[in-house]
Structures are given as structure tokens and as C-alpha cells.
Amino acid sequence: MSRYEEADLSLLKTIPIEKRKSKVRVEDFLKIPGSRGAAPAPAGTQLSPEAEDSLRQLVKAICTAKAAGRTIGFMMGGHVVKTGVSPAVIELMKAGFVTVAGMPGSTAIHDFEIAMWGRTSEPVEDVLDSGEFGMACEPARLMNHAIRKGRENAEGLGEALGRFLTENHARYSERSILASAYSLGIPATVHVTIGADVIHMHPECDGASLGELSHRDFKIFVAALKKLGGGVLVNIGSAVVMPEVFLKAVSILRNQGIDLTEMVTANLDRIAHYRPTKNVVERPVSKSGKGLFIQGEHEVLVPLLCSRVLEYFSEKRHAG
């Protein structure tokens with residue numbers, strides 16, 4: 001028993017999610033024309049010459065990795081969901097261009113809320129003073145239930161959430177990275193910082209289950225990178241958590257004698273943050289491989305990457 005006082009989370013006053021304001025709605029998500037159609041690049045898209053060159057290199061590396069059966073890992077911050085470009089990532093998953101998808105807890109929450117209710121992302125400034133920030137009861141109740149069930153099933157966190165969405169026929173599951181990964185048999189791993197996500201604020205949160213499943217996901221993520229030599233690792237918008245997770249994964253794999261030579265890493269974001277630059281673009285490939293930074297908005301870069309990968313691979317397949 002701790003000698004220190006603990007907050008009593010059972011005293012929280014929650015609100016139903018239908019009364020919570022949300023800034024992001026599924027109706028605003030990227031539209032993919034046709035089955036397996038390439039995601040359209042936004043009208044008037046223009047990248048800098050440096051970004052264009054790096055994007056060409058990344059597209060070629062992804063298609064080469066797929067042809068060689070190597071790992072293609074995507075790590076994604078919450079803004080991948082909040083900017084509505086999840087459908088482009090899902091399209092790449094369906095086409096076999098993503099072999100593992102890693103994300104922090106915030107991304108999983110946004111993805112889960114979109115799948116279940118078709119909206120997410122609170123206006124924090126509007127509700128923090130009233131104490132209503134993070135107090136929607138349904139996301140916390142259902143996600144924490146799925147996490148506890150996942151512990152019983154010895155699943156990872158992403159797998160447990162994907163299973164819940166799939167088995168409960170979430171209304172917008174086709175827009176969900178977690179549900180799509182579960183249906184496709186692709187590991188989607190969730191790496192949490194306890195206390196950083198709104199579902200941790202609620203009394204239903206079980207720290208033992210949360211920690212066990214997230215730690216299992218770390219081990220699943222590391223195992224999924226065993227074929228990263230000659231493969232590709234893309235970080236989209238995770239400024240801290242996923243770059244740190246990736247660096248530790250690289251250390252484990254090299255410690256175990258796994259060959260990671262000639263991997264290509266890339267960071268896609270509007271600005272160059274410290275950790276993605278060091279832990280994704282520079283350190284892992286300092287002696288072998290290549291690191292790329294492609295600067296731009298998610299709304300531009302992610303659908304553009306999707307469309308060019310699908311087009312490049314189709315052209316090469318028909319040419320061959």
C-alpha cells in the first residue's frame with residue numbers, strides 16, 4: 001500500500017459521447033475511388049524538388065521491399081487519423097504494402113472513435129476549464145473492456161481493439177486502421193504512455209492489462225521488423241513515442257544478430273522534429289541504408305505516397 005494519496009477516479013463526472021463536440025468527422029475523410037483504386041493526390045499538389053526526389057526514392061524502396069518479401073513498417077501519429085488520410089494507409093495495407101503498423105495510444109483512440117461513432121478529436125481549449133476534456137464515457141468504457149478481454153486472450157493491444165471493432169461490427173470499420181489490420185492479419189501495435197491518453201483517466205482503466213498488452217505489442221513490433229534489412233520503415237507524424245520505440249527495436253534486433261543492412265527509413269511531417277530526425281532518419285542507418293525526410297502536410301503526402309506506390313508497382317508489374 002502506497003504511503004501517498006491517490007486520486008479517486010470513481011468520482012469523475014462523465015458525459016455521453018453524443019454530447020461531446022468533435023472536430024473530425026468521417027464524412028471529411030479521404031475518398032478512395034473504386035475498389036483498390038489509388039488515392040488521389042490533392043489538386044494543385046506541388047512539392048519542393050528535394051521532397052519530390054525523396055518521395056521517388058521512398059516509392060521505389062517500398063515497391064522493391066514488397067517484391068523481395070521484406071518488412072514495410074508504418075508508424076503513425078494521431079494526425080494521420082485526424083487529417084482524414086487513414087483510407088490511404090488502409091489502401092496500402094490491402095495491397096500488401098504495409099506489413100506492420102505501429103502507433104501511440106492517441107492514434108488508437110482516434111481510430112477507435114472513428115470506427116465506432118464516425119467522429120473524434122475534442123476541442124480541448126473549449127472544454128478543459130469545465131473539466132469535461134476526456135470525459136466521454138463510451139470510448140473509455142468500451143476500449144478498457146476490450147483491453148481487459150485482450151488480457152484474457154493473451155493478445156496485443158492493437159489486436160484486442162481490432163477484434164472488438166470487428167466482432168461488434170463497428171459502423172465505420174472500413175475507415176479504421178485497427179479493424180482493417182485485424183481483418184487482414186497485419187499486426188497493428190499500440191504503444192502507450194500511461195497517463196497520456198484520455199481512457200486512462202477513467203475508473204474502468206486497468207493498469208495491469210494496459211501495461212501487459214502494450215508490452216506484448218512492443219515484442220510483436222520488434223518481431224515484425226526481423227526482415228527490415230532491405231525493407232522500409234516509414235514514420236508519419238509521431239514526434240516522440242514511435243521514434244523512441246523504433247530505436248529500441250533496432251537495438252534489440254542487432255543485439256540478436258538480425259541483419260538490418262540496406263534498410264530505408266523515412267519521416268513524413270510538416271516540420272523536422274528532433275526524435276524522428278535522430279531515431280528514424282539518422283541513427284539506424286548511419287552505417288548502412290538510407291534515411292529520408294519528406295516535408296509536407298499529411299493531407300498531401302500520405303495520399304500522394306499511396307497513389308505513387310500503387311502506380312509504380314502496377315507499371316513495373318506490367319512491364320515485367
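**View 1. Leu9 sits in the segment before β1 (24-25).** Helices (H or I, at least four residues) and strands (E, at least two) are DSSP runs, numbered from the N terminus. Is Leu9 buried, exposed or partly exposed? With 33% relative accessibility, Leu9 counts as partly exposed; buried means under 20% relative accessible area, exposed over 50%, and partly exposed in between (1.4 Å probe, protein chains only). Leaving out residues up to four places away in sequence, Leu9 touches His200, Met201, His202 and Pro203, where contact means heavy atoms within 4.5 Å. Cys63 is 54 residues from Leu9 in sequence and 49 Å from it in space, C-alpha to C-alpha. This is a predicted model, in which local features need pLDDT of at least 70 and side-chain atom pairs count only at pLDDT 80 or more, while totals for chains, interfaces and linings use all residues. Residues are numbered from 1 along each chain as its sequence is written, and side-chain values use heavy atoms, with hydrogens and water left out.

**View 2. Six strands form an open sheet with parallel pairing.** Follow the order β5-β3-β2-β6-β7-β8 across the sheet; two strands pair if DSSP finds at least two bridges between them. β5 (188-191) and β8 (290-295) stand at the edges with a single partner strand each, so one side of each has no neighbour in the sheet. From one strand to the next, the twist averages 15 degrees. Angles here run from 0 to 180 degrees between N-to-C directions, and axes are lines fitted to C-alpha atoms, for helices over the stretch in contact. Helix α1 (residues 49-68) packs on the sheet, where α1 touches β2, β6, β7 (264-269) and β8. Helix α11 (residues 274-282) lies across β2, β6, β7 and β8, at about 155 degrees to β7.

**View 3. Strand β3 (residues 100-104) is mostly covered.** How many of its 5 residues are buried? The count for β3 is 5 of 5. Val100, Gly102 and Pro104 point one way from β3, and Ala101 and Met103 point the other way. In a regular strand the side chains alternate between the two faces of the sheet. Now look at the partners: β2 and β3 pair in the parallel sense over 3 bridges, and 4 bridges join β3 to β5. Ala101 is the bridge partner of Phe74 and also stands opposite Ala188 in β5.

**View 4. The largest nonpolar core has 68 residues.** A nonpolar core is a set of buried Ala, Val, Leu, Ile, Met, Phe, Trp, Tyr and Cys residues joined through side-chain atoms within 4.5 Å. Those with the most contacts inside the largest core are Leu58, Ile62, Phe74, Leu161, Leu268 and Leu305. Beyond its neighbours within four places in sequence, Leu305 is in contact with Leu55, Leu58, Val59, Ile62, Phe74 and Leu268. A second, separate core of 20 residues includes Val222, Val245, Ala249 and Val281.

**View 5. Helix α7 (residues 157-167) packs against helix α9 (residues 207-224).** Their axes are 7 Å apart, at an angle of about 105 degrees. That makes α7 roughly perpendicular to α9: angles under 35 degrees count as roughly parallel, over 145 as roughly antiparallel, 65 to 115 as roughly perpendicular and the rest as oblique. At this contact, Leu157, Gly158 and Ala160 in α7 meet Leu210, Leu213, Ser214 and Asp217 in α9.
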